[in-house]
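Here are a few quick notes to go with the structure, jotted down as numbered points. Have it open while you read.

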Amino acid sequence: MNKFLSHNGYFGKPIFNSLFYNDSFMNNRIKISQLLDKVTTGEEAAKLFKDKMIVGTSGFTKAGDSKVVLPALAERAKKEPLKITLISGASLGHDTDAKLTEAKVLHKRMPFQVDKTLRTAINKGEVLFTDQHLSETAELVHGGYIGDIDIAIIEVAAIEEDGSLIPTTSVGNSVSFAALAKQIILEVNISIPESIKGVHDIFLPENYPHRNYIPVIAPGVRVGRTTIPVDPEKIVAIVFTDIQDSPADIAVPDEKTIAISQHLTRFFEEEVKAGRLTDRLLPLQAGIGKVANAVLTGFKDSNFYDLTMYSEVLQDSTFELIDSGKLQFASASSITVSKECYQKVMDNLDTYREKILLRPQNLSNSPGIIRRLGVIAINTALEFDIYGNVNSTHVSGTHIMNGIGGSGDFARNSYLSVFVCQAASKSNRLSHVVPMVPHVDHNEHDVDILVTDQGYADLRGLAPRERAVTIIENCAHPDYKEALLDYFNRAGEVRGGQTPHILSEAFTWHIRYLETGSMKS
């Protein structure tokens, strides 16, 4: 057995921790004896990568990602340049994308990112970025459209007797990577208790044209196994680590996010009064970030009860709702929480195991399941226009922020598609309700409800001209209402059409902001 078990990375230094040298400890985490001689350092594992490889890695919104091998690859690339295409579940933590970007390792990245350094390189054209619906990445990999996965890096809590893998805090695309990769590198994270086994629902749909029904009929219905099956012969290296996930950035709800939450609660209350929903609502989905987290937190003080969730990410608010008794069950693909919440979850896995499931993202984001369950989708917009088209990804239509993530999976297929954002920001110099969005991620046909700190607009059943009036009256900031109405009225008079626009003026608000720092005329 290789004794150089660097727990903090890739420098090849031995760990002075007796746990790593104890055979019984090793056997607890690696329960298939022929794999024990695969244990090595991150630095040694990084030598397995070659130029132009396609690499799949575990990790979904900072959870369950590679914490040793990818940083080791970045260090190696500083001396031995090489390029890879890197595919993950969603974003990675611990500045890993930044380290890879600075070392010029990334040729192409997909399907999601949140790193500032990588984002800058993408917007400069230095790194290619494929922005994908998160449900589609595995489908493209299985279909062979992206190319063969040369190496998969998967974080696990342990390796079972049959060689199968116990995932950690996310599943993401790990099931597909394990099935399809030519070689597999495992990062065994000893900071994750082995008792996490049982939290996961591992199910791999058949390839087309032989795909069968995916039998998820309620958020709490388990349809698969607890571990990821894998051919042990493909495992070429095992690296130990005790590094925890990067904590989520949790902001205290402010005046605007509280107002958004209150308006959304009022909308749901009206739906209950109208008999279209009950006090149990329908399974909830919420995007990541402070607005979504604040919106979910608002359910604690509502009259709704016995709630369920079918989402992508379990955030702090999810566990707050579980602890309060409001939320009965939550299904997602990852646990992405603050440091304090992380410790609470790890310390109480026996309690939470009966309340949560983590699934592959092609199940958590499956369009068919979302439609079958009647999910209420709540996602965040950068901006939306007077007809209900939503821009979630591109500042001024050109510069990507993070990516579409799973918002499109849910928006198109949900029972109710809700988008939230503040009406204006930057001391009200930037309006988030505009004449025309310069980039469309979710078109007007996929948007039911828009909510800002000013109010909400119910767009269901409305024609474009009706939507415009409703959005301006209910969602726009007072500083911009008059200008938006003026634009809409003149567009109807000058140009006409079902969806009136004045093309010569449609983007003048964005141009003005770029030139002067304010959308106000």
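1. Let's begin with Ile30. Beyond its neighbours within four places in sequence, Ile30 is in contact with Leu35, Leu36, Val39, Ile159, Ile238 and Phe240. Bear in mind throughout that this is a predicted model.

2. Ile30 also turns up in the largest nonpolar core, which has 78 residues. Together with Ile238, Phe268 and Phe319, Ile30 touches the most other members of that core. Which strand gives the most to this core? That's strand β6 (residues 151-159), with six residues. As background, nonpolar side chains tend to be buried together in soluble globular proteins.

3. There's a second, separate core too, made of 32 residues. Leu430, Cys475, Trp509 and Met519 are among them.

4. Next, helix α3 (residues 69-79). It is largely enclosed by the rest of the structure, because eight of its eleven residues are buried. If you want to click through them, the buried ones are Val69, Leu70, Pro71, Ala72, Leu73, Ala74, Arg76 and Ala77. Note that Arg76 is on that list.

5. Now for some strand pairing. Strands β3 (residues 84-87) and β4 (residues 106-110) run parallel and are joined by four bridges, with Thr85 opposite Lys108 in β4.

6. To get from β4 to β5 the chain passes through helix α5 (residues 116-123), in a β-α-β crossover that is right-handed.

Note on methods. Residues numbered from 1 in each chain as written. Predicted model: local features only at pLDDT ≥ 70, side-chain atom pairs only at ≥ 80, totals over all residues. Heavy atoms only, no water. Pairing = 2+ DSSP bridges. Helix = DSSP H or I, 4+ residues; strand = E, 2+ residues; numbered from the N terminus. Right-handed = clockwise from strand over helix to strand, strands pointing away. Buried < 20%, exposed > 50% of the residue type's maximum accessible area, 1.4 Å probe, protein only. Core = buried A, V, L, I, M, F, W, Y, C linked by side-chain atoms within 4.5 Å. Contact = heavy atoms within 4.5 Å.
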